[in-house]
Amino acid sequence: VVGLAGAFTSNGSRGGGGAARLYFDENRYQTTIAFGKGRINYDFFGIGRLPNRPAVSVPIHQEGRFFFGEFMRNVGKKIFIGPRYQHRRLSARIDGEATEGGFEIPDIDVQSTTAALGVHIQRDSRDSTFYPTKGSLFDATGDFFDQSIGSRRQYQHYKVTFNNYRTLNEKTILAARAMICSANQNVPFYDLCLYGTGNDLRGYTGGEFQNRRMFATQAEIRRLLKGRFGMVAFGGIGGIARRWNEFRLDQLLPAAGVGVRFTLEKQNHINYRVDWGVGRAGHTLIIGVGEAF
């Protein structure tokens, strides 16, 4: 699979790039390559915002380019493992005047380079990539940023996810997902664990809640209707904290919502989706192609 992509938003963000995912020797080997360049304008809400406190943010303008490469091998029993590499050149500035006593971008991150060697482990027993009806997907990554390979900061970023799918009847699927994220050592503000990204969880603006530790769990009922239409109902709960022993019940972040589906391509059951989610800090409307997870 090879593709090019371009993106723009109403707030002035722009980007473009290309990617390829290649399969060799009857899926014994998998290779992923991606590159891109762009600029993004977003609001930074600080680290460790509490859900019962007013949102305070600062506008950030960030530019850069990146390269990513990964090579994985099947070692048996549907398990793939392999190395990965990423390299980014980034710049960041506050888009306007800084608030006195507020967040200031560290000098090391005004013009920065990040580079990491990592490892990726995956076990995929799903019956379909686009619309799974049974099986599971385990995915674990660890990226190690180090000055010896050109990174200005030294830190580590880990993420583990597990998806499970079960057929309840010929028209109903139960899908569940759990994930954890950990960012250690001298991690920059833009590589923290960001709540609400990757559809964990829908109902939150990505990055409005962020910290060094994060978890999120969710379940979704997927129901086929007449013709090409379908609907879903989902709900879940998660949270962020500085350390794993600092999560509190009154600071957890629940979400729930509903969505509609329209099948664009019947053979692989590729859906166009519209999801509306509600969380503790507001709501989101998400439009895209393919299931949330």
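The structure holds one disulfide, a term that denotes a pair of cysteine sulfur atoms within 2.5 Å. The model is a predicted one, in which local features need pLDDT of at least 70 and side-chain atom pairs count only at pLDDT 80 or more, while totals for chains, interfaces and linings use all residues. Residues are numbered from 1 along each chain as its sequence is written, and side-chain values use heavy atoms, with hydrogens and water left out.

The disulfide joins Cys181 and Cys193, whose sulfur atoms are 2.1 Å apart. Cys181 lies in strand β9 and Cys193 in strand β10 (residues 193–194), so the bond ties together parts that are 12 residues apart in sequence. Strands here are DSSP runs of E with at least two residues, helices are runs of H or I with at least four, and both are numbered from the N terminus. Because the torsion about the S-S bond is about -85°, the disulfide is left-handed. Cys181 is buried, with a relative accessible area of 4%, and Cys193 is likewise buried at 0%; buried means under 20% relative accessible area, exposed over 50%, and partly exposed in between, with a 1.4 Å probe and protein chains only.

Cys193 is also one of the contacts of Phe209, where contact means heavy atoms within 4.5 Å. Leaving aside neighbours within four places in sequence, Phe209 also touches Arg49, Leu50, Pro51, Leu194, Tyr195, Tyr204, Ile240, Leu253 and Ala281. In the largest nonpolar core, which has 18 residues, Phe209 is among those that touch the most other members, together with Tyr195, Tyr204 and Met214. Such a core is a set of buried Ala, Val, Leu, Ile, Met, Phe, Trp, Tyr and Cys residues joined through side-chain atoms within 4.5 Å. Strands β9 (172–185), β12 (213–224) and β14 each supply at least two residues of this core, and β9 gives the most, with three. A second, separate core of nine residues includes Val58, Leu90, Ile94 and Ile105.

Charged side chains pair as well. The count comes to 18 salt bridges, each being a side-chain nitrogen of Lys or Arg within 4 Å of a carboxyl oxygen of Asp or Glu. Arg202 and Glu220 form one of them, with their closest N and O atoms 2.7 Å apart. Since Arg202 lies in the loop between β10 and β11 (210–211) and Glu220 in strand β12, this pair ties together parts that are 18 residues apart in sequence. Arg202 is buried at 2% relative accessibility, and Glu220 is buried at 0%. Glu291 and Arg261 form another salt bridge, at 3.1 Å between the closest N and O atoms. Glu291 lies in the segment after β16 and Arg261 in strand β14, so parts 30 residues apart in sequence are tied together; both residues are buried. In the salt bridge of Arg243 and Glu246, at 3.0 Å from N to O, Arg243 is partly exposed at 43% and Glu246 is partly exposed at 34%.

Tyr272 is found in strand β15 and is partly exposed, with a relative accessible area of 36%.
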